Amino acid sequence: MESSLPLTIDRRTGLPLHLQLAEQFRAAILDGRLRSGHRLPSTRDLARDLSVSRSVTQAAYDQLHAEGWIEGRTGAGTYVTDVVPLQPAVRHRAAPQPNPAAELLSLRPGIPYIAPTPDPGWRRAWREVSTQSPPRGYDDAAGLPELRAALADHVGRVRGIACGPENILITNGTVHGLRLLLTVTRSPGDRIAIEDPGYLNAVVAARDHHLDIVDVPVDADGLQVSALTEVPAVYVTPSHQYPLGGRLPVARRNELVRWARRNDAMLIEDDYDSEFRYDVAPLPALAQLDLDRVVHLGTLSKTISPALRLGWLVASDTMVDRLARFRAESGDWPGWPMQAALLAMLRDGYLDQTVRKGRRLYADRRLHTCTALAPYGQIIGQEAGLHITLLLPDPLNDHQITAEARQAGVVVAPLSEYRRSTPGPPGLVIGYATPSTPDLHRALDILIGVLDRFGPSRKAPA
């Protein structure tokens, strides 16, 4: 019997579409709407019904298959496996009941706090844009020359990358820069190494380009260079490994660059939240070691807003020229108003002010989050960024916990969502930046109430 569920897609949430689908299927299995042996629709039919690309539905099924929720039967389709949802043995208190009229509180990682009213620096930047005339004709495919020069100064000052405007390409953000890079430099069937666990959108981008993904395990210091095989490209988050939070030490950074030189490989450095460190100053970027081998991806999504859809790529001048030539033909680059506004923000010091203000705010929230959740597991990755990871005792099911948290009114990410083939303990990836401070406290209280239902407070093994 083929199952039929009221699945929905919400493009406003910021949560990748394939993860929205996977989460809804898991919830349906956990609450009994989907039972063992139920046949799921084909990826093609599901994509058509939801008006999404087939790569979205395929990625959702791949995730569910890797976690053991579904299985493919040759020539017969895809079915729910024989999964018996794990129920908590001890109930300490009733789970908080959600208010149906209230919005969900989000503890998902990756989105900064955005104040309800714009501050003066933001307004000044857009007033400056409004007084300018737009360019005559099409602007430079690599980006506004003045903005590229300003960004070269910025990344040199805050990230230690010695570069000029010829090394800068303006992008619509990290994922856009990654997809552009893969389109121009890789061919279907090429191999690319990606951290496991790692950033899901990077995995989806590689799959969409039909690349062969090589999973590379990480440890407390980030990507394990010794585990790399011969591949032409490596995607890495060296300043704050996503999602576990490891910081690639200098010796391992040098080892990674030497490996890239020996293997004629490209290193793709995702520098997604390096501005926010709470123990030491931000570490210099990997790209400062070898700009011929490393392509550096920067973004405004963690400092100002992901809705700006603006970032930058730093690479050798030959790589930037190659990417710009492709974009000149495709017409795919950020518009002039957004670039002009960013230029004004850099000139006025608004970006630096926003980072300093955010660092103070998030440091306080991080401390509160870690203090509240410390009794429930091992907290890692708290030295930097906008999230922490809570490792849970092994018998627990992080998908069941996140499903119950959502029912109670809080959205949080399960760590197993980010794993592919490398085993590890269950956990929760908890963002503390997005909500207001009172909403953060309420969300943590609700999450603690859910965690209390799953047994006595106990530390996860290191």
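**Entry 1**

I looked up Asp-264 and found it exposed, because its relative accessible area is 56%. For the scale, buried means under 20% relative accessible area, exposed means over 50%, and partly exposed is in between, with a 1.4 Å probe and protein chains only. The model I am reading is predicted, so local features need pLDDT of at least 70 and side-chain atom pairs count only at pLDDT 80 or more, while totals for chains, interfaces and linings use all residues. Residues are numbered from 1 along each chain as its sequence is written, and side-chain values use heavy atoms, with hydrogens and water left out.

Asp-264 sits in the loop between α8 and β10 (266-270). Helices (H or I, at least four residues) and strands (E, at least two) are DSSP runs, numbered from the N terminus. The phi of Asp-264 is positive, about 50°, although the residue is not a glycine. I noted the background: most residues other than glycine have a negative phi, and most peptide bonds are trans.

His-210 also has a positive phi, near 60°, and is a residue other than glycine. I found His-210 in the loop between α7 and β7 (212-219). His-210 counts as exposed because its relative accessibility is 55%.

**Entry 1: cis peptide bonds**

I then turned to peptide bonds. The bond from Asp-196 to Pro-197 is cis, with omega near 5°. Pro-197 belongs to the loop between β6 (191-196) and α7 (200-208).

Tyr-242 and Pro-243 are also joined by a cis peptide bond, with omega about 10°. Pro-243 lies in the loop between β9 (233-236) and α8 (250-262).

**Entry 2: His-154**

Is His-154 buried or exposed? I read a relative accessibility of 7%, so His-154 counts as buried. Its place is in helix α5, residues 145-159. I listed what His-154 touches, not counting residues up to four places away in sequence: Arg-159, Trp-312, Leu-346, Leu-351 and Asp-352. Contact here means heavy atoms within 4.5 Å.

**Entry 3: Val-295**

Val-295 is in strand β11, residues 294-299. I recorded Val-295 as buried because its relative accessible area is 3%. Which residues are in contact with Val-295, leaving aside its neighbours within four places in sequence? My list includes Leu-181, Met-266, Leu-267, Ile-268 and Glu-269, and it goes on with Leu-313, Val-314 and Ala-315. I also checked Leu-178, which is 117 residues from Val-295 in sequence and 9.4 Å away in space, C-alpha to C-alpha.

Pro-337 has its place in helix α10, residues 336-348. It counts as partly exposed because its relative accessibility is 36%. Leaving aside neighbours within four places in sequence, I found Pro-337 in contact with Trp-126 and Val-129. From Pro-337 to Arg-127 I counted 210 residues in sequence and 11 Å in space, C-alpha to C-alpha.

Ile-448 lies in helix α13, residues 437-452. At 12% relative accessibility, Ile-448 is counted as buried. Leu-373 is 75 residues from Ile-448 along the chain, and their C-alpha atoms are separated by 7.4 Å.

**Entry 4: the whole chain**

I ended with the totals. The secondary structure comes to 13 helices and 17 strands. Of the 462 residues, 55% count as buried. Along its principal axes the C-alpha trace spans about 60 × 50 × 45 Å.

**Entry 5: confidence**

Last, I checked pLDDT, the predictor's confidence in each residue, from 0 to 100. The chain averages 88, and 92% of the residues score at least 70. Where does pLDDT stay under 50? I found this over residues 86-96, for which the model has 26 contacts beyond four places in sequence.
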